[in-house]
Amino acid sequence: MIRYIRRAAAFCLLLLVALLLNAARIQLFEADELDDNPANRRNTIDRYDEPRGNILVGGKSVTGSKDTGEQLAYERTYLHGPLYAPVTGYASQTYGTTLIENAEDGILSGTDSLLAPFPLWNDITRGRQPGGDVVTTVKDSMQRAAYDGLSGRRGAVAAVEPSTGRILALVSTPSYDPERLSGTGSPVTDAWARLNAAKSRPMLNRAIRQTYPPGSTFKIVTAAAALDARVVTDPDAGTDTPSPYVLPGTTTTLPNEASGCAKASLAEAIRVSCNTVMAHLGVEVGLDKMVEAVGRFGFNDGGLRIPSGVAKSNFDTDMSDDQLALSSIGQFDTTATPLQMAMVAAAVANGGDLRYPHLVDRTTAHDGDTVQQQGSRSYHQAMSPSTAMQLQRMMVDVVEDGTGSNAAIDGVKVGGKTGTAQHGIDNSGTPYAWFISWAQNPDSGRPAVAVAVVVEDASADRADISGGGSAAPIARAVMEAALDG
Amino acid sequence: MTPSTADAPPPELRLPKRRGVELCLLVGAVLISVYGYANVGLARNGAVPPDVAGYGGGLGLLALLAHLAVRFRAPYADPLLLPIAVLLNGLGLVLIYRLDLETPKDQAAPTQLIWSTLGVALFIAVVVLLRDHRVLQRYAYLSVATALALMIVPIFFPAVNGAKIWIRIGGLSFQPGEFAKILLAVFFAAYLAANRNALAYTGRRIWKLQLPTGRVLGPIVAIWLLSVGVLVLERDLGTSLLFFGLFVIMLYVATGRTGWIAVGLLLAAVGAFVVGSFEPHVHSRVQDWLDPFASIDAGRGPSQLAQSLFAFAAGGMLGTGLGLGHSVLIGFAAKSDFILATAGEELGLSGLTAVFLLYALLVARGYRAGLALRDPFGRLLSIGLASILALQVFVIAGGVMGLIPLTGMAMPFLAQGGSSVVTNWIIVALLIRVSDVARRPHPDQVETGVIAPVLEDER
């Protein structure tokens, strides 16, 4: 019997070996695949197991985390929800993340390998570090000035520091409270459905994700192209543009809202916003050089990231001359994000050197040690320095003696440009009021701020006046907040 | 030959009792369990659980009482059996306590501690009252009658989670099939010890297979039909597989006829295929085994088996640490059938291997007692009891790890389940008893000073 007992024992040993091999198969060889199975909730649970790092504005956190005691423990809270929603985005357990919450998720959730004390540390320990913080470039007073200035109307404000590219304000209204999307369950799904169904589209980040026809504010770009291409050598010399102007190759005439535009100089055309002169100049510069010039400002660049992706501002690259003429005054297919137009103003203010816009100043580990510092870097030389000087003077004229007088600040050098964009079939839609500007303290060598404001429901539709009337005061409030130190 | 003094008395040859070793190992087993208990509290709440002293004291007291029973009534028993049982039971309590933290409304650890106490009490009772295992041989037919009755009774009770293996009286519920295991092993051992020559040598020969006569073959067919019957009526593939495997192993050991294994495997395969194909509850288990992720692809979320695999995977080599895994995602059976997934996730492959080796040691010690015993009944009984543990571990561990189709069965000592833990304590008590007989010095040996296993049967 002993022999058979031994064989039975060998059979039991076989069973044991089978179990051990199978355990090794699952726990070592198939583990990664099983860990990453989307139906495996462990990654999600681990993710919310610790409080998320915070997003800081002016040294103070605008976010928080609260322990709900549920399986997904920590939910995101927002201290000034709607005000900073266009900056932070949301971090939802149900709907994922957007904007900075998305772009810096690795730091905020603690998974970024930069947070680990040693390379591969997280891989070996299968753990994660406490979430780090993200310090933004936003200035609280400017953000509030822009938000209050829009006062619930649909619109957006983007403000950048021309010399560095730091984004100082990024506002989109109407906004929403991202905290409503933080957790799980029906309150969150209801809020999500309500926000998505709302006609005012509160979750749309109009400052970077929505493009508008830039209207007359685009004339700054056309002017820069004309000066750089030496189509215009003396901005104060008269041009040979008739008013009204017949679009090339058509019988359509382009009128002006302003008077005195016949044969007006470039400076005059900017000051009172002559459509005819600028459309004609665009055609004279020609499609190739226009496309090249707008590209230096950031148009047609779909890869701009601040670090969230910015919608591509469009200037068609294949157009007939009449289309080019309309495009040169910011109509036809030309569209721009508010951030793009703030970059246009910043390029002018900064002597033509356009800095790469960025919203994150630096990221830090949980204990405050800097993980990564976002330095200022050049994006493009948008125009020659002399062209920038000439445009600065022309933009100052707009504020001091033209359509942008509502943006004037006592004792400060302010340059601006108004715009009103018609849109919709037969221009039936509510026009967009634009204002782009920059401001520089006389005793400072560098401009303090460049701003772009767009208001969707401009009360008046007369060209440029509405830009000056609706948008310019908001820009002034934002610039004043910037100059206040 | 070593030179020895001519007039010196022959050296007194005594098998060491090893009771001191057993006590040391018991202290170790209790300390490891207490450490695990404290570990869970530290990991979850940053503090040692307030009742850790009570837990450790309780477990220690149970271990001490069991040890004293063994020391005085089975002094030659294998010193590894009791410490392994205490360690596995202690670890099981830790795992259940740990899972209780996730389900505040369903506290299973206190109940399990009560059942464990009852199990140890029965252990002591068996060790104290059963002086010689051969007594059981006399009750073979009473055993099988009781076993059959116990297995049939649950048919008249409503199904719980798809299997009709429970008896519910008031708030208490238990699985009579668990107790039936022991009784069946006793019956098999007695029947086979009595009939093994008839089974091996009589009857007609067909091709290479020596068929026994119908008189001795009858019980085999009866057992097979019974196991399939239990499975169909109670939807319990695990128990039928266990009974069948147990019978085949014992039959093989008793007769040494390899043909029985072939017949057994064939019958098992046919039975399993038929039932797996037509019984919907079992069929779904087989489908789940073939593709654990089908329900995910179908948008119905992960199945229990998929959740179990996720848990094992999350453990990796070293595990997440006690209290830090998420095996509670498995759902309702996390504390019972799927308790091994918690061990796999929180202790990792290393801890799981240790657990498997503890079981292997328990089984090996049962087999060792069988090897050393002289009477065929005792041999078959110890092999049978050890095989119950081995098969049970394989069936449930293989099931929750996707090696074989999942069948409801309790991991011995680890899983939540009163009937199971009590039954396993009785099994260990019987193993203690047989190992005590196996290691006890034979009167002849003491007199002659010869230590050699007396092999009454070397065939």
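Biologist: What percentage of the 485 residues of chain A count as buried?

Modeller: This is a predicted model, and the values given here are computed from it. A residue is taken as buried when its relative accessible area is under 20%. Of the 485 residues of chain A, the share that counts as buried is 56%.

Biologist: How many helices and strands does the secondary structure of chain A come to?

Modeller: The C-alpha trace of chain A spans about 120 × 45 × 40 Å along its principal axes. Within chain A, the secondary structure comes to 17 helices and 18 strands.

Biologist: Which kind of aromatic pair do A:Y4 and B:Y252 form?

Modeller: A search of the whole structure finds 17 aromatic pairs over all chains. One of them brings A:Y4 and B:Y252 to 5.5 Å centre to centre, with 75 degrees between the planes. Planes over 60 degrees apart meet the cut-off for this class, so the pair A:Y4 and B:Y252 is edge-to-face.

Biologist: Why does this pair join two chains?

Modeller: Both A:Y4 and B:Y252 are buried. A:Y4 lies in helix α1 (residues 2–29) of chain A, whereas B:Y252 lies in helix α8 (residues 237–255) of chain B, so the two chains joined are A and B.

Biologist: Is A:W192 buried, partly exposed or exposed?

Modeller: The rings of A:W192 and A:Y90 have their centres 6.0 Å apart and their planes at 90 degrees, so they form an edge-to-face pair. This pair links distant parts of the chain, as A:Y90 is in the loop between α4 (81–88) and β5 (91–92) and A:W192 is in helix α9 (residues 186–197), 102 residues apart. A:Y90 is buried at a relative accessible area of 7%. A:W192 has a relative accessibility of 23% and therefore counts as partly exposed.

Biologist: Which helix supplies the largest share of the nonpolar patch?

Modeller: The patch covers about 730 Å² of surface, and its residues include B:L23, B:V27, B:L61 and B:F72. Helices α1 (19–45) and α2 (52–73) of chain B each supply at least two of its residues. B:F72 is placed in α2 of chain B and is exposed, with a relative accessible area of 62%. The largest share, five residues, comes from α2(B).

Conventions:
Residues are numbered from 1 along each chain as its sequence is written. Chains are lettered from A and ligands numbered from 1 in the order in which they are written. This is a predicted model: local features need pLDDT of at least 70, side-chain atom pairs count only at pLDDT 80 or more; totals for chains, interfaces and linings use all residues. Side-chain values use heavy atoms; hydrogens and water are left out. Rings of Phe, Tyr and Trp (its six-membered ring) pair if their centres lie within 6.5 Å; planes under 30 degrees apart count as stacked, over 60 as edge-to-face and the rest as tilted. Helices (H or I, at least four residues) and strands (E, at least two) are DSSP runs, numbered from the N terminus. Buried means under 20% relative accessible area, exposed over 50%, partly exposed in between (1.4 Å probe, protein chains only). Patches are made of residues with over 30% relative accessible area and no salt bridge: like charges are joined within 9 Å, nonpolar side chains (Val, Leu, Ile, Met, Phe, Trp, Tyr) within 5 Å. Accessible areas come from the Shrake-Rupley method with a 1.4 Å probe; for residues, only the protein chains shown count as cover. A salt bridge is a side-chain nitrogen of Lys or Arg within 4 Å of a carboxyl oxygen of Asp or Glu.
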